[in-house]
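Q: Can you walk me through reading a structure, feature by feature? I would like the general idea, then the case at hand.

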Amino acid sequence: MASLKDLKTRMRLPVIGAPMFIVSTPKLVIAQCKAGIVGSFPSLNARPAEALDDWLTEIKQALARHDDENPDQPSAPYAVNQIVHRSNDRLMHDVEACVRHEVPIVICSLGAREEVYEAIHSYGGIVLHDVINNKFAQKAISKGADGLIAVAAGAGGHAGVQSPFALVQEIRQWFDGPLALSGCIARGQSVLAAEAMGADFGYIGSAFVATQEANADDAYKQAIVDGYADDIVYTNYFSGVHGNYLKPSIAKAGLDPDNLPASDPSKMDFKSAGEGAKKVWKDIWGCGQGIGAVTDVQTTAQFVDKLAEEYDAAKAALCAE
């Protein structure tokens, strides 16, 4: 099995682009990998289910061409996100596609299942599992995950409420394997800070919505550019699981973002990424609190260039002190 440390040698920056429902497609993933960071997408974005094979083929072929043309700057590895929740009736179909295509990294969410981990390990793939607390982290590793994504307070989509300092330090008390940190990371300085705290990677989602390659409405992208942390609402109303969303999209849907009722967690439903789930994530925009750092819509390459410049400058400043 190739280690994540080995794959990291192909990365320009220690950054993983988070998989975003609807937003992440092969176009964004390919651009992220070519720019030197891990690109990822949720398997449920490929609809119908049979399209997943086509997406994986497209990504592999595009990255292989890039590597042939740029031997000194090879692409970073890519990842596929699997929703392991019991309501996802596509799970094993999508896992089998990942096995056929030998996807380098699989990111698991909303559940820990040994048979999924074993399937990915069968060809040498790496499994990262996203968690919102130390209890879930221990469960994922005990069942066979190789690494963790600590989803801290302020992250976009289904986020936790714990401080990144608390979450990372508790995990690092017992786990020395691969660890990514998610939550409000949109600057190169923040990536370096995540490393200083004990993480191996920064995990960035919302900032990539405001890139040209993202599959998002122009209004969504502009809302990211215009928004700040105060424009984010944390609620379980839309999916049954608490997450962060942009206030303007909630208000546009005719709801009061400051007075949303609580939802029953049993409402959560990922069956084949049904139209109900699709409508929620298309009209109600997931977003994290770190968007104040996003000032314009750029290409993915331009944004990663900016991250790299900020990261290198912050590192140089620390070394100079």
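Q: Is C184 buried, exposed or partly exposed, and what is the relative accessibility behind that label?
A: This is a predicted model, so read each value as computed from it. C184 has 34% relative accessibility, so C184 counts as partly exposed. The residue sits in the loop between β7 (179-182) and α8.

Q: What is the phi of C184?
A: Start with the background. Most residues other than glycine have a negative phi. C184 is not a glycine, yet its phi is positive, about 70 degrees.

Q: Where does L110 lie, and what is its phi?
A: L110 is in the loop between β4 (105-109) and α5 (114-121). Its phi is near 60 degrees, a positive value in a residue other than glycine. L110 is partly exposed, with a relative accessible area of 27%.

Q: Which peptide bond is cis, the one from R47 to P48 or none?
A: Again, the background comes first. Most peptide bonds are trans. The bond from R47 to P48 is cis, with omega near 0 degrees. P48 belongs to the loop between β2 and α3 (51-69).

Q: Let us turn to strands. Is S40 buried or exposed?
A: The cut-off for buried is under 20% relative accessible area. S40 has 0%, so S40 is buried. The residue is part of strand β2 (residues 39-42).

Q: What does the side chain of S40 reach?
A: The side chain of S40 reaches the backbone oxygen of G17, at 2.6 Å. Setting aside residues up to four places away in sequence, S40 touches G17, A18, P19, S24, V29, Q32, A79 and I107.

Q: Which backbone oxygen does the side chain of N81 reach?
A: That of I107, at 2.8 Å. N81 lies in strand β3 (residues 78-83). At 6% relative accessibility, N81 counts as buried.

Q: Which residues are in contact with N81, beyond its neighbours within four places in sequence?
A: They are P19, F41, P42, S43, I107, C108 and S109. For a C-alpha distance, take N81 and G17. The pair is 64 residues apart along the chain, and the C-alpha atoms are separated by 11 Å.

Q: How many Å separate the C-alpha atoms of Y203 and L181?
A: The separation is 5.5 Å, for residues 22 places apart along the chain. Y203 is in strand β8 (residues 201-204). Y203 is buried, with a relative accessible area of 6%. Leaving aside neighbours within four places in sequence, its contacts include I16, A18, P19, I107 and I149. The contacts of Y203 also include A180, L181, S182, G183 and I185.

Q: Now helix pairs. At what angle do α4 and α5 pack?
A: The angle tells you the class of packing. Angles under 35 degrees count as roughly parallel. Helix α4 (residues 91-101) packs on α5 at about 15 degrees, with the axes 9 Å apart. The two helices are therefore roughly parallel to each other. The crossing is right-handed.

Q: Which residues of α4 and α5 meet?
A: From α4 come L91, M92, V95, C98 and V99, and from α5 come V116, A119 and I120. By class, the contact of α4 with α5 has eight nonpolar, no polar and no charged residues.

Q: How far apart are the axes of α2 and α3, and at what angle do the helices pack?
A: Helix α2 (residues 26-35) and α3 have axes 10 Å apart and an angle of about 30 degrees. That makes α2 roughly parallel to α3. P26, V29, I30, C33 and K34 of α2 contact W55, E58, I59, A62, L63 and H66 of α3. The residues of that contact are eight nonpolar, one polar and two charged. α2 and α3 make a right-handed crossing.

Q: At what angle do the axes of α8 and α13 cross?
A: Helix α8 (residues 188-197) and helix α13 (residues 300-320) cross at roughly 55 degrees, and their axes come within 6 Å. That makes α8 oblique to α13. The crossing is right-handed. On the α8 side, the contact is made by G188, Q189, V191, L192 and E195. On the α13 side, L307, E310, Y311, A314, K315 and L318 take part. The classes are six nonpolar, two polar and three charged residues.

Notes. Residues are numbered from 1 along each chain as its sequence is written. This is a predicted model: local features need pLDDT of at least 70, side-chain atom pairs count only at pLDDT 80 or more; totals for chains, interfaces and linings use all residues. Side-chain values use heavy atoms; hydrogens and water are left out. Axes are lines fitted to C-alpha atoms, for helices over the stretch in contact, and angles run from 0 to 180 degrees between N-to-C directions. Helices (H or I, at least four residues) and strands (E, at least two) are DSSP runs, numbered from the N terminus. Angles under 35 degrees count as roughly parallel, over 145 as roughly antiparallel, 65 to 115 as roughly perpendicular and the rest as oblique. A crossing is left-handed if the near helix is turned anticlockwise from the far one by less than a right angle, and right-handed if clockwise. Contact means heavy atoms within 4.5 Å. Ala, Val, Leu, Ile, Met, Phe, Trp, Tyr, Cys and Pro count as nonpolar, Asp, Glu, Lys and Arg as charged, and the others, Gly among them, as polar. Buried means under 20% relative accessible area, exposed over 50%, partly exposed in between (1.4 Å probe, protein chains only). A polar contact is a pair of N or O atoms within 3.5 Å; within protein, one must be able to donate a hydrogen and the other to accept it, and residues adjacent in sequence count only if both atoms are side-chain atoms.
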